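Subject: Handing over the structure

Dear colleague,

Please find below the sequence and structure I promised to pass on to you. My notes on what was found follow directly after.

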Amino acid sequence: MSPALLAGAPAEAQEKKPATALHGAASHASSGKVTAVNPKGTPPPIQLIPMAPRLTSLDGKTVYLVDTGFHGSDVLLMQVQAWFGRNMPSVTTVFKRKAGPYMEDDPALWKEIKAKGNAVIMAVGH
Amino acid sequence: MVTKAFKDLALLNAAKRGMPHERICFTPHPVWGKTPDEVRAYVEGPDPVSGKPLMKEVVDGLTVPLSDEDKKSGTVSVSVGPPTYRDTLDNLQEFYLNNGYTDFLPIIVPTEEKVDAMLKGTSHKPDETVGKMAAGAYPAWSYNVRQVAANAVMAGCRPEYFPIVLAVASSGMASLFSSTNSFAFSMVVNGPIRDKLEFNYGIGVLGPFAQPNATIGRAWTILSKNLGNGGIPGDTYLGSLGNNLNYNNVVIPEHEDASPWVPLHVQKGFKKEDNVVSLFRGLGVVPGQVARGSSANENVQFDYQLSDLFGTFTGFFGALIIADPLVAARLKEQGYDTKEKLIDWLYKNTTQTVKDYKSRNYAYLFDYPRALRGDEPWASWYKMPDDAVIPHFPHASDFNIVVAGGQTNAYPQAGNLSYGVSVSIDKWA
């Protein structure tokens, strides 16, 4: 992923209409050029986070299904739970609705999952 | 698991938060409103992004070994381009527009000369940090006085307006928010600066009739795009319909001399002679003419009209009364000689049944999880019978009142808007 995309530059617009400024495509004589200030703020650097190790298999493992609270998340995860029951019955699934509205953290649940679970599936947006 | 409509958002946000290879799989959109059988078909069907069976994607996401890229740590810097650009004014106008730096209306190109002139509107140094801003649950961007000045120039502000723009920027509150709800924003300006800068707080106060009203409100949106990285559809902005109020953000200089009540900034703890900008966020503004009882020729009761309007609002956001001075005078005649008395009446008399409350979208999405956690008043409300009557807004402090307008007729407007913060303008002079 490019730094420009991460900075929020409108990639679509850039692809459709390459910027003329900075690339010498001025429509007037160079004497008509001015210097303008970049209006963008300063994005923070990105701290890469190593992903958690994967399981070799889900057999006999406990998978938490975490409902973010968006409408329909519970219905979806119930169906995911049913799918595991039909197709991978050795997997134990635990359904949990995250405490508080979707934008708030739930450290108690993360602690429980670390202690009792082997994997997490979180869902969903609308 | 994310629905397909939020693919770009999910992937970009994961990358910005340090996991560019986070394993995300997608369901068809939407999940909301679908039956269990319809959702079962989603689960047993393909991921609409990869085309592979959805549950195979899920299981693979948990079991396929990590690559070296997945295990990477360290820091990645993010570039937003050079500090300055050099080209003709026409080309720079196009460049700023095509790169999403504008609100897609023509701008004043922020040349070094114009930015330097803007900087003369404040005593603060150009490299002084002003604040941080995020347009949602994203890592916040930071900015200094010079970066804010470039945005103020672009919006058409005069240098003497700059302290207000700095005060708004210092709040860290973006006027473009990532939610699918298409939020609206508003700012109330109080203090002698309203006259000094020739704000319009009379006829057509909310319309396009004065430069400070027009450009300072516009600056909030332009700086929210550039300094807070907001307003990128599909990435940092998801409002399904968008909100036309985002062009200017409902700038309300209060008509303090024509008001029978203390101005808003005094209610918020400032002195009357202080210059203050107060920021609001919510869903929008509706005209008072649509309220029941608004056609009464005699014994006009604005308290009931306002309560009728607020009964259609979501109590998740607050209620902002924008009262023409004629409305305010009438309310005072009715006995509301302070804003607090009117607020107390509205809080107690704007009610709903528990059944109606629970049927509302925002109640399910935000209040129900709070109730489960035991937060009040929602926990008590969810324990009540369906026919119990409860306040429409959780707290009396959810109401705010400002007086503005030209007294050509006695009409209020009402915003489903929550008070956010009041910021000293004088601090940024």
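Chain A has four helices and five strands, and, read from the N terminus, its elements follow the order α-α-β-β-β-α-β-α-β. Please keep in mind throughout that this is a predicted model. Of the 126 residues of chain A, 29% count as buried, and among the contacts in this chain with a separation of 6 or more, 71% are between residues 24 or more positions apart.

Three strands of chain A form an open sheet in the order β4-β3-β5, and their pairing is parallel. The edge strands are β4 (92-97) and β5 of chain A, each of which pairs on one side only, and from one strand to the next the twist averages 20°. Strand β3 of chain A (residues 62-67) is joined to β5(A) by five bridges, the two strands running parallel; within this pairing, A:D67 has A:A123 in β5(A) as its bridge partner. Helix α3 of chain A (residues 73-87) packs on the sheet, where it touches β3, β4 and β5 of chain A, and its direction makes about 165° with that of β3(A).

As for how the two chains meet, 90 residues of chain B are in contact with 64 residues of chain A. The side of chain B that touches chain A comprises 47 nonpolar, 28 polar and 15 charged residues.

One helix of chain B deserves a separate paragraph, namely α3(B), which covers residues 54-63 and in which B:L54, B:V58 and B:V59 are buried. Seen down the axis of α3(B), these buried residues fall within an arc of 135°, and they therefore line one face of the helix. What do the buried residues of α3(B) pack against? They pack against elements from both chains, namely β5 (119-123) of chain A together with β2 (26-27) and α2 (36-44) of chain B.

Definitions and conventions: Residues numbered from 1 in each chain as written. Chains lettered and ligands numbered in written order. Predicted model: local features only at pLDDT ≥ 70, side-chain atom pairs only at ≥ 80, totals over all residues. Buried ≥ 20, exposed ≤ 12 C-beta atoms within 10 Å, placed from the backbone. Arc of directions from axis to C-beta. Contact = placed C-beta atoms within 7 Å. Nonpolar A, V, L, I, M, F, W, Y, C, P; charged D, E, K, R; others polar. Pairing = 2+ DSSP bridges. Axes fitted to C-alpha atoms, helices over the stretch in contact; angles between N-to-C directions.
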